[in-house]
Each structure stands twice: as C-alpha cells, then as structure tokens.
Amino acid sequence: MIDIGVKAPDFIAPAVAGGTATELELFRLVDRHAAVVCCFGPANFVPTCTAAFAAVRDAGWHDRDDLAVVALTGDSLYAGFAYADRFDLPFPIVSDFHGGVADSYDLLADSWEGHSDIPRRAVVAIDGDWTVRFAEATTDALDRPAPSPVQNATAALRELGVDVDRPRVNYDGPW
C-alpha cells in the first residue's frame with residue numbers, strides 16, 4: 001500500500017460522473033480542492049464497499065468545495081452506470097478495469113474471488129500538494145472493520161482543515 005507522506009500518483013481514467021461517461025483527471029481535482037479522497041474497491045455491488053460509499057454519500061462529503069470524493073473499482077464503465085444509479089452515488093465512479101490506478105497506489109490484489117489485477121478495498125486521502133495524508137486498506141474486501149477506513153480518514157481530513165462529518169458505515173444496509 002502507498003505510504004503516508006509520499007507524492008500521490010496522478011491518473012486519468014474512464015468514469016461515470018453525473019450520469020455521463022467522462023475521463024476523470026485527478027490533477028484537476030487536486031488543483032481545485034484542499035483534499036481528494038479515493039475510495040478503492042474490487043468491484044461494484046460488493047456489499048462492504050457499497051456500505052462505505054453510501055456512508056460517504058450520506059455524510060455529504062461529495063457536496064463540498066474543499067473536498068472531492070472518487071470511487072475506483074475494477075468493474076467496467078457500464079457497471080459503474082448501474083451502480084451509481086442503483087445507490088444514487090453522487091461522486092464519480094472510476095473504472096479501473098485492468099487495475100492500473102490501483103497498481104500505481106500499490107493497492108492491486110493478486111486475486112479476489114477468481115479475478116486478478118483488481119483493486120483492494122482501501123481509502124487514500126491526498127492533500128492539495130499531492131501528499132498522501134491517509135492510506136488504509138482492509139485485508140479482504142469483505143472484511144467489516146470497525147471503524148472502517150472511510151471513518152478513519154475523517155481525522156486526516158480535519159487536520160487539513162476539511163471539517164467533515166464522520167461517515168456512519170452500516171454494513172447491513174439499507175444503502
């Protein structure tokens with residue numbers, strides 16, 4: 001996993017944002033916000049990932065001028081459309097279909113449920129100077145840590161002056 005204090009890798013990747021297909025350019029988000037939170041997951045519709053993404057949605061992290069949120073999964077762009085629509089996810093869902101972004105963050109799983117080159121479940125927070133300020137991954141995508149990585153990221157965001165509510169992750173739904 002990427003280390004705290006290092007420079008975060010930039011990426012451009014296909015994403016679903018606002019109901020349309022686009023290319024997400026991380027450098028644009030970093031330039032416009034005090035922090036960017038990247039939430040990685042192996043695939044869309046993984047219940048533990050959905051619980052975390054829904055908690056971030058419900059905490060209002062996406063609706064701020066000082067913070068950008070991005071979800072990155074190993075699924076296709078088309079699965080991203082269905083996922084964003086099904087769970088009313090208001091932040092971009094990046095398709096890291098071949099794991100290139102996850103690999104650059106040292107978050108590539110060797111395999112998961114028969115899939116290879118897929119992102120691990122993790123959260124990375126990047127400040128406006130491209131420094132990784134928080135990074136935490138679970139051992140397995142189906143782990144239910146309490147507190148969850150998105151909950152633990154709250155303290156790092158507050159240290160950056162981004163006063164966010166701590167997400168309430170409910171692994172059992174409803175989402």
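1. Alanine 15 stands opposite threonine 22 in β2. Strands β1 and β2 run antiparallel and are joined by six bridges; two strands count as paired if DSSP finds at least two bridges between them. Two residues lie between the strands of this hairpin, and glycine 18 there takes a positive phi near 60 degrees. Helices (H or I, at least four residues) and strands (E, at least two) are DSSP runs, numbered from the N terminus.

2. A note on the basis of these values. This is a predicted model, in which local features need pLDDT of at least 70 and side-chain atom pairs count only at pLDDT 80 or more, while totals for chains, interfaces and linings use all residues. Residues are numbered from 1 along each chain as its sequence is written, and side-chain values use heavy atoms, with hydrogens and water left out.

3. The sheet is open and has seven strands in the order β2-β1-β5-β4-β3-β8-β9, with mixed pairing. Its edge strands, each pairing on one side only, are β2 (20–25) and β9 (132–137). From one strand to the next the twist averages 25 degrees. Helix α3 packs on the sheet, where it touches β1 (12–17), β2 and β5 (93–95), and its direction makes about 35 degrees with that of β1. For such angles, axes are lines fitted to C-alpha atoms, for helices over the stretch in contact, and the angles run from 0 to 180 degrees between N-to-C directions.

4. Within the sheet, β3 and β8 run antiparallel and are joined by six bridges. Cysteine 39 stands opposite valine 123 in β8.

5. Helix α2 covers residues 47–59, and its 13 residues should span 18 Å at 1.5 Å a residue; the end C-alpha atoms are 18 Å apart, which agrees. The expected span is 1.5 Å times one less than the number of residues. Just after α2, glycine 60 takes a positive phi of about 80 degrees.

6. How much of α2 is buried? Eleven of its 13 residues are, so the helix is largely enclosed by the rest of the structure. Buried means under 20% relative accessible area, exposed over 50%, and partly exposed in between (1.4 Å probe, protein chains only). Among the buried residues are Thr48, Cys49, Phe53, Val56 and Arg57. Their cover includes β3 (35–41), β4 (67–73), α3 (77–87) and α5 (149–159).

7. Arginine 57 belongs to helix α2 and counts as buried because its relative accessibility is 13%. A polar atom of its side chain lies 2.5 Å from the backbone oxygen of phenylalanine 87. Leaving aside neighbours within four places in sequence, arginine 57 is in contact (heavy atoms within 4.5 Å) with His62, Phe87, Asp88, Leu89, Pro90, Phe91 and Trp175.

8. The largest nonpolar core has 39 residues, of which Val37, Phe53, Trp61, Leu67, Phe91 and Leu157 touch the most other members. A nonpolar core is a set of buried Ala, Val, Leu, Ile, Met, Phe, Trp, Tyr and Cys residues joined through side-chain atoms within 4.5 Å. Two or more residues come from each of β3, α2, β4, α3, β8 (122–127) and α5, and α2 gives the most, with seven. A second, separate core of 26 residues includes Leu24, Phe40, Val101 and Ala135.

9. Beyond its neighbours within four places in sequence, tryptophan 61 has contacts that include Val37, Val56, Leu67, Val69, Leu157, Val164 and Pro167.

10. Most residues other than glycine have a negative phi, and most peptide bonds are trans. Aspartate 117, in the loop between β6 and β7, has a positive phi near 55 degrees; at 41% relative accessibility it counts as partly exposed. Tryptophan 130 has a positive phi of about 75 degrees and is found in the loop between β8 and β9. With a relative accessible area of 15%, tryptophan 130 is buried.

11. The peptide bond from alanine 146 to proline 147 is cis, with omega near 5 degrees, and proline 147 is found in the loop between β9 and α5. Another cis peptide bond joins glycine 173 and proline 174, with omega about -5 degrees; proline 174 lies in the segment after α5.

12. Glutamate 113 is placed in the loop between β6 (108–109) and β7 (118–119). At 57% relative accessibility, glutamate 113 counts as exposed.

Methods: A polar contact is a pair of N or O atoms within 3.5 Å; within protein, one must be able to donate a hydrogen and the other to accept it, and residues adjacent in sequence count only if both atoms are side-chain atoms.
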